[in-house]
Amino acid sequence: MTRLSLDTLPMPGSMTAASALEIATAYHSPALLNHSLRAYVWAAARGVADDIPFDAELLYVAALFHDIGLVPAFDSHTVAFEEAGGHVAQIFAAGAGWSVKRRARLSEVIVRHMWPRVEVSTDPEGHLLARATATEVVGKEAERYSAGFRSEVLERFPRLDLAEQFLTCFQAQAARKPGSSAADAVRSGLADRMAANPLESTV
């Protein structure tokens, strides 16, 4: 990926986007907040680079809420964290005046970020967020972003102690909800894949 920078990516300037950032900032740890913002950046950059049209506001809000089900205030003992996050996001979006259809789309994007594959033809935002979060957590496709762009993103939004926090959250989810996607990820060697993430060693 060349000729892309943070300043060239579409950044939604709506009141809803600003409110979503305010809520995410209030409830996420600094590491999870930066992770959510980077998830949007990787997703938007991939959409621009691959010429995939996407709804920037929908993708941005989904990125900010995609892990809110891991936060203690919204953690659910009955459903997977991505489903819980989808519910929280729908309630937020209802307050923001989004239509029922748009609220449902927001939830879909959040739930599908844990799917192994999301078809771009049916859900471009879900496709981009799923790819972006895989880049974030285990470094999948990280090499498709230029070294300069990776450095710019990580300088603006440092990873902090994300790896430790994220793995701890997933292991807790797996212990309480053995049938969840988080449990599947832990059983399939998430810890080793996270340790090999090249973004963890990028300066």
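The following legends describe close-up views of a predicted model.

**View 1. Helix 2 and the residue that follows it.**
Helix 2, which runs over residues 30-49, has 20 residues and reaches 28 Å from its first C-alpha to its last, a span close to the 28 Å expected at 1.5 Å a residue. The helix is mostly covered, since 17 of its 20 residues are buried. Just after helix 2, the backbone at Asp-51 takes a positive phi of about 55 degrees.

**View 2. The crossing of helix 2 and helix 3.**
The axis of helix 2 and the axis of helix 3, the latter formed by residues 56-65, come within 8 Å and cross at roughly 145 degrees, and this crossing is right-handed. On the side of helix 2, the contact is made by Ser-36, Leu-37, Ala-39, Tyr-40, Ala-43 and Ala-44, while helix 3 contributes Ala-56, Leu-59, Tyr-60, Ala-63 and Leu-64.

Arg-46 forms a salt bridge with Asp-50, and the closest N and O atoms of the pair are 3.1 Å apart. Arg-46 counts as buried because its relative accessibility is 3%, a value under the 20% limit for that class. Asp-50, in contrast, has a relative accessibility of 29% and therefore counts as partly exposed. The structure as a whole holds 20 salt bridges.

The side chains of Arg-102 and Glu-57 meet in a salt bridge with an N to O distance of 2.8 Å. This pair links distant parts of the chain, for Arg-102 lies in helix 5 (residues 100-112) and Glu-57 in helix 3, 45 residues apart. Arg-102 counts as partly exposed at 22% relative accessibility, whereas Glu-57, with a relative accessible area of 19%, is buried; the two residues fall into separate classes because the limit for buried is under 20%.

Arg-176 forms a salt bridge with Asp-75, in which the closest N and O atoms are 2.5 Å apart. Here too the pair links distant parts of the chain, with Arg-176 in helix 8 (residues 162-176) and Asp-75 in the loop between helix 3 and helix 4 (81-95), 101 residues apart. Arg-176 is partly exposed, with a relative accessible area of 30%, and Asp-75 is likewise partly exposed, with a relative accessible area of 23%.

His-127 is found in helix 6, which covers residues 124-138, and its relative accessible area of 14% means that the residue is buried. Leaving aside residues up to four places away in sequence, His-127 touches Ile-52, Val-118, Glu-119 and Val-120. Thr-135 lies in helix 6 as well, and at 1% relative accessibility Thr-135 counts as buried. Again not counting residues up to four places away in sequence, the contacts of Thr-135 include Trp-42, Glu-141, Tyr-145, Asn-197 and Leu-199. The C-alpha atoms of Thr-135 and Pro-198 are separated by 9.5 Å, although these residues are 63 residues apart along the chain.

Key. Residues numbered from 1 in each chain as written. Predicted model: local features only at pLDDT ≥ 70, side-chain atom pairs only at ≥ 80, totals over all residues. Heavy atoms only, no water. Axes fitted to C-alpha atoms, helices over the stretch in contact; angles between N-to-C directions. Helix = DSSP H or I, 4+ residues; strand = E, 2+ residues; numbered from the N terminus. Left-handed = near helix turned anticlockwise from the far one by under 90°. Contact = heavy atoms within 4.5 Å. Salt bridge = Lys/Arg side-chain N within 4 Å of Asp/Glu carboxyl O. Buried < 20%, exposed > 50% of the residue type's maximum accessible area, 1.4 Å probe, protein only. Expected span 1.5 Å × (residues − 1).
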